[in-house]
Amino acid sequence: MSLAKIDQLLTERHRRFTPLQRLLGQAAEQRAWTAELRSILPVGMQSACQVRALRGCELIVVCLDSATATRLRLMAPSLAAKLQALPHFTGIERIKVKVTSE
């Protein structure tokens with residue numbers, strides 16, 4: 001990426017937020033969502049799960065391995081009810097679980 005393009009990303013003033021500011025905001029939201037999710041997960045699963053997105057009434061969670069993903073899928077109905085009590089997840093109706101490809 002050229003220096004001019006980076007400067008443009010950092011200084012776009014004609015929009016409310018620059019693309020970089022929007023990306024940083026999304027990353028901060030994901031960290032907050034992940035922290036809330038981890039607060040209600042069993043200790044052994046906390047570090048293996050991360051919130052990828054929150055789309056309407058669906059929470060998308062990525063797990064590090066298939067065993068954790070399977071456990072989370074089995075917990076999903078009761079977990080959704082617990083999540084609804086947390087500030088960011090009041091509208092959650094379902095949890096979609098994926099395994100990371102990293």
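Predicted model: local features only at pLDDT ≥ 70, side-chain atom pairs only at ≥ 80, totals over all residues.

Biologist: Is Leu-24 buried or exposed?

Modeller: Leu-24 belongs to helix H2 (helices, H or I of at least four residues, and strands, E of at least two, are DSSP runs numbered from the N terminus). Its relative accessible area is 53%. Under 20% is buried, over 50% exposed and anything in between partly exposed, with a 1.4 Å probe and protein chains only. Leu-24 is therefore exposed.

Biologist: Which strands stand at the edges of the sheet?

Modeller: The open sheet has three strands in the order S1-S2-S3, with mixed pairing (pairing requires at least two DSSP bridges). Each edge strand has a single partner strand, so one of its sides lacks a neighbour in the sheet; these are S1 (49-55) and S3 (94-99).

Biologist: What is the bridge partner of Cys-63 in S3?

Modeller: Strand S2 (residues 58-63) runs parallel to S3, joined by six bridges. Within S3, the partner of Cys-63 is Val-99.

Biologist: What angle does helix H4 make with S3?

Modeller: Angles run from 0 to 180 degrees between N-to-C directions of axes fitted to C-alpha atoms, for helices over the stretch in contact (heavy atoms within 4.5 Å). Helix H4 (residues 66-83) lies across S1, S2 and S3. Its angle to S3 is about 165 degrees.

Note on methods
Residues numbered from 1 in each chain as written. Heavy atoms only, no water.
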